[in-house]
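Here is a short briefing to read with the sequence and the model open side by side.

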Amino acid sequence: MNWISNYVRPKINSLFSRREVPENLWTKCPECGTMLFHRELSDNLNVCTSCDHHMAISPRDRFRALFDGGIFTEIKVPEPVADPLHFKDQKKYPERLKGAQKATGEKEAMLVAEGEMGRTPIVAVAQDFSFMAGSMGMYVGNAMISAAERAVKLKRPMILFSAAGGARMQEGILSLMQMPRTTVAVQMLREARLPYIVVLTHPTTGGVTASYAMLGDVQLSEPNALICFAGPRVIEQTIREKLPEGFQRAEYLLDHGMLDRVTHRKSLRDELITIVRMLTGQPPAVKGDLPAPSEAAPMAEGQQAEAPKAPAPKA
């Protein structure tokens, strides 16, 4: 019976056993419930192919789609004091930071980079909502100042992609102090007469909305992004009234003059290139390169060059 137990039974089980499928191959759209294949979703910049819902996208993936050839250089940000208040709730603050770093693969909630976008040199800043809800702490303040200083030094426009739940409570008043610090960073750009363009993504709330996220020369937003200081649920509980449909969403704010334009993520790069080149007085961007014309057309095999014709005699 050993050959049945050791050979036949495992062979049969292998034929009918289910193969393990990785869990991250499919993503369910939170808006329409469609199951989306991960490659299809990534190629569409994390936008649902069924209902056009804009899902979260990491700063690195956003920069790969923004910069020419996906090539960019990170700008170093000074490290702030770690756990200045020795804050502890259910976990110690350093433990929360380590958990967020492990989950996202990033050092902090903001990434600063420089490169070319449509052959236009820029400095770009993006917040990562998956890192402790993109909360604004001392590192975020340092990142904004580093980006502004780099933009002023190189005389480049600066573009911000905001996504945050507000100030980081684990840093207390030190977190709130980043509101005036980042406002000073934006003022540095204005004094240098450099464009500062803000792209508000879902969600942008709290102290981030009350500071650098609403100080752009041009304010853009992705569709249906929640943009507010206090959320609609808090406001409803405070005033005890039902809010209008779509209140504090990008389209509502556009209708009421708080935004300049709501742009689809796939069209955002071209829109930014046009705006940056317009504000910096540059000609329209080149959409593609044509091959250089050859000096002489190549001759076919066996074809002889014609002798130059003698000039016609003058009358």
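This is a predicted model: local features need pLDDT of at least 70, side-chain atom pairs count only at pLDDT 80 or more; totals for chains, interfaces and linings use all residues.

Residues are numbered from 1 along each chain as its sequence is written, and side-chain values use heavy atoms, with hydrogens and water left out.

**Overall picture**

- The protein has 11 helices and nine strands; helices (H or I, at least four residues) and strands (E, at least two) are DSSP runs, numbered from the N terminus.
- Of its 315 residues, 38% count as buried. Here buried means under 20% relative accessible area, exposed over 50%, and partly exposed in between (1.4 Å probe, protein chains only).
- Among contacts between residues at least 6 apart in sequence, 67% join residues at least 24 apart, where contact means heavy atoms within 4.5 Å.

**Nonpolar cores**

- In soluble globular proteins, nonpolar side chains tend to be buried together. A nonpolar core is taken as a set of buried Ala, Val, Leu, Ile, Met, Phe, Trp, Tyr and Cys residues joined through side-chain atoms within 4.5 Å.
- The largest nonpolar core holds 39 residues, and Met144, Met158, Tyr196 and Tyr212 have the most contacts inside it.
- Two or more residues of this core come from each of helix H4 (93-104), strand E4 (110-117), strand E5 (120-127), helix H5 (138-154), strand E6 (158-164), helix H7 (178-191), strand E7 (196-204) and helix H10 (250-255). H5 gives the largest share, eight residues.
- Apart from this core lies another, of 21 residues, including Ala124, Ala126, Val218 and Ile273.
- Beyond its neighbours within four places in sequence, Met158 is in contact with Val123, Val125, Met144, Ala147, Ala148, Ala151, Leu189, Pro195, Tyr196 and Ile197.

**The largest pocket**

- A pocket is found on a 1 Å grid over the protein atoms alone: it is an open set of points where a 1.4 Å probe fits, with protein on both sides within 12 Å along at least five of seven lines, and lining residues have an atom within 4 Å of a point.
- About 570 Å³ of space lies in the largest pocket; grid points are joined across faces, edges and corners, and the volume is the space filled by probe spheres set on the points.
- Its lining has 31 residues, of which His54, Met55, Ala56, Ile57 and Arg265 lie nearest the centre.
- At least two lining residues come from each of helix H3 (59-66), E5, E6 and E7.
- By class, the lining has 12 nonpolar, 11 polar and eight charged residues. Ala, Val, Leu, Ile, Met, Phe, Trp, Tyr, Cys and Pro count as nonpolar, Asp, Glu, Lys and Arg as charged, and the others, Gly among them, as polar.

- Ser211 is in the loop between helix H8 (206-209) and strand E8 (218-221), and it counts as buried because its relative accessibility is 3%. Its side chain reaches the backbone oxygen of Gly207 at 2.7 Å. Leaving aside neighbours within four places in sequence, Ser211 is in contact with Met136, Met179, Thr182 and Thr183.
- Asp89 sits in the loop between strand E3 (73-74) and H4, and is partly exposed at 30% relative accessible area. Its side chain makes a polar contact with that of Arg96 (2.6 Å); such a contact is a pair of N or O atoms within 3.5 Å, and within protein one must be able to donate a hydrogen and the other to accept it, while residues adjacent in sequence count only if both atoms are side-chain atoms. Asp89 and Gln170 are 81 residues apart in sequence and 8.7 Å apart in space, C-alpha to C-alpha.
- Asn142 lies in H5 and is buried, with a relative accessible area of 12%. Not counting residues up to four places away in sequence, Asn142 touches Val77, Pro78, Glu79, Pro80 and Arg181.

**Backbone points to check**

- Most residues other than glycine have a negative phi, and most peptide bonds are trans.
- A cis peptide bond joins His202 and Pro203, with omega about -15°; Pro203 is in strand E7.
- Asn46 has a positive phi, near 60°. Asn46 is in the loop between helix H2 (38-43) and H3 and is buried at 18% relative accessibility.
- Arg240 also has a positive phi, about 55°. Arg240 lies in the loop between helix H9 (232-239) and H10 and counts as exposed because its relative accessibility is 76%.
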